Amino acid sequence: MSAPDCRLYLITPPRIDDLPAFLKALEEALSAGDVAALQVRLKDVPDAEIERVTRAVLPLAHAHEAAVILNDRPDLAARLGCDGVHLGQDDVSYAEARRIMGPKAMIGVTCHDSRHLAMEAAEAGADYVAFGAFFPTMTKEAPTSCDLEALSIWQETMQTPCVAIGGITPDNCGPVVEAGADFLAVSSAVWTHPQGPGAAVKAFLTAIKAAAGP
C-alpha cells in the first residue's frame, strides 16, 4: 500500500542576520519544487525583527503558493496577515488562538510524542498536529523523542493531518513518510545543504516520491 501524499513544510532558521541573502535562499528553495508552507520561527529577537522578516517573506511564499505560518504568536500572525500560526504547549490555547486568528486561519499544535495531546488538539479543531523529534536535531533542543509508531497509529485512526519534525533529512525521511507523515517539517537540512537549498528541496522531494511508492 502506498503512503499518503506527503509534502514539505519549511521552517526558517532561528535567526536571520542577512535578510536579503535569506530571501535569495528562500526563492531558490521554493523554486525547486512543491513546498506546502513556510513557518517563520525566530527565537530571542524583538517583535520588530519578526515583523520585518515576516513582511518580507509573505509575498515571496505566496508567489509560490506556500502558506506562511508564524510560530508562537497569533497576535502578530493576525496583524501581519499570515495564513496561520503554530502553537507550542506553552503558548496560548488553541481556543484563544482561533479567537484571535479567525475561522479561516490554519492553526497547528506541537504535541511532542503524545497522542493524547494530539487528540485533544484535533478534537479542539486544530488544522494539524506535530509529532517529534524523530532524529537528533541541531535546530533546537527537542524535549521529547518520538517513534514512527505514533505516525502510523495516528494515520490509521485520525483524519487531522500530522507533521513530523526533528532532524529529518533526505537520507532518513523515507521511513517517516512510509509511517504516515502528511508533512515533513525541515529546517537546517535545507538551509545548510552543501549544494544549496534548492538542491535540498529536490533531494527531499525525490526521497518522498521513492518512499510513497507507485
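Modeller: Start with burial. Of the 214 residues in the chain, 51% are buried. Buried means under 20% relative accessible area, exposed means over 50%, and partly exposed lies in between (1.4 Å probe, protein chains only).

Colleague: What kind of model is this, and how are residues numbered?

Modeller: This is a predicted model: local features need pLDDT of at least 70, side-chain atom pairs count only at pLDDT 80 or more, and totals for chains, interfaces and linings use all residues. Residues are numbered from 1 along each chain as its sequence is written, and side-chain values use heavy atoms, with hydrogens and water left out.

Colleague: OK. How many helices and strands are in the chain?

Modeller: Nine helices and eight strands. Both are DSSP runs, numbered from the N terminus: helices are H or I with at least four residues, strands are E with at least two.

Colleague: Why call the chain as compact as a globular protein of that length?

Modeller: Its radius of gyration is 16 Å, close to the 17 Å that the globule rule gives for 214 residues, so the chain is as compact as a globular protein of that length. The radius is taken over C-alpha atoms, and the rule is 2.2 Å times the number of residues to the power 0.38. The C-alpha atoms fill a box of roughly 45 × 40 × 30 Å along the principal axes.

Colleague: And what share of contacts comes from residues 24 or more positions apart?

Modeller: They account for 58% of the contacts with a separation of 6 or more. Contact means heavy atoms within 4.5 Å.

Colleague: Let's pick a helix pair. At what angle do α5 and α6 cross?

Modeller: Roughly 35 degrees, and their axes come within 11 Å. Helix α5 covers residues 115–124 and α6 covers residues 148–157. The axes are lines fitted to C-alpha atoms over the stretch in contact, and angles run from 0 to 180 degrees between N-to-C directions.

Colleague: Which residues make that contact?

Modeller: From α5, R115, A118, M119 and A122; from α6, A150, I153 and W154. They divide into six nonpolar, no polar and one charged. Here Ala, Val, Leu, Ile, Met, Phe, Trp, Tyr, Cys and Pro count as nonpolar, Asp, Glu, Lys and Arg as charged, and the others, Gly among them, as polar.

Colleague: New topic. Is V201 buried or exposed?

Modeller: V201 is buried, with a relative accessible area of 0%. V201 sits in helix α9. Leaving aside neighbours within four places in sequence, V201 is in contact with L8, A29, A32, G33, V35 and V190.

Colleague: What about A199?

Modeller: A199 is in α9 too, a helix of residues 197–212. A199 is partly exposed, at 27% relative accessible area. Beyond neighbours within four places in sequence, A199 is in contact with E28 and H193. E28 is 171 residues away along the chain, yet the two C-alpha atoms are separated by 8.7 Å.

Colleague: Where does E65 lie?

Modeller: In the loop between α2 (47–63) and β3 (67–71). E65 is exposed, with a relative accessible area of 72%. H112 has a positive phi as well, near 55 degrees. H112 is in the loop between β5 (106–110) and α5, and is partly exposed at 22%.
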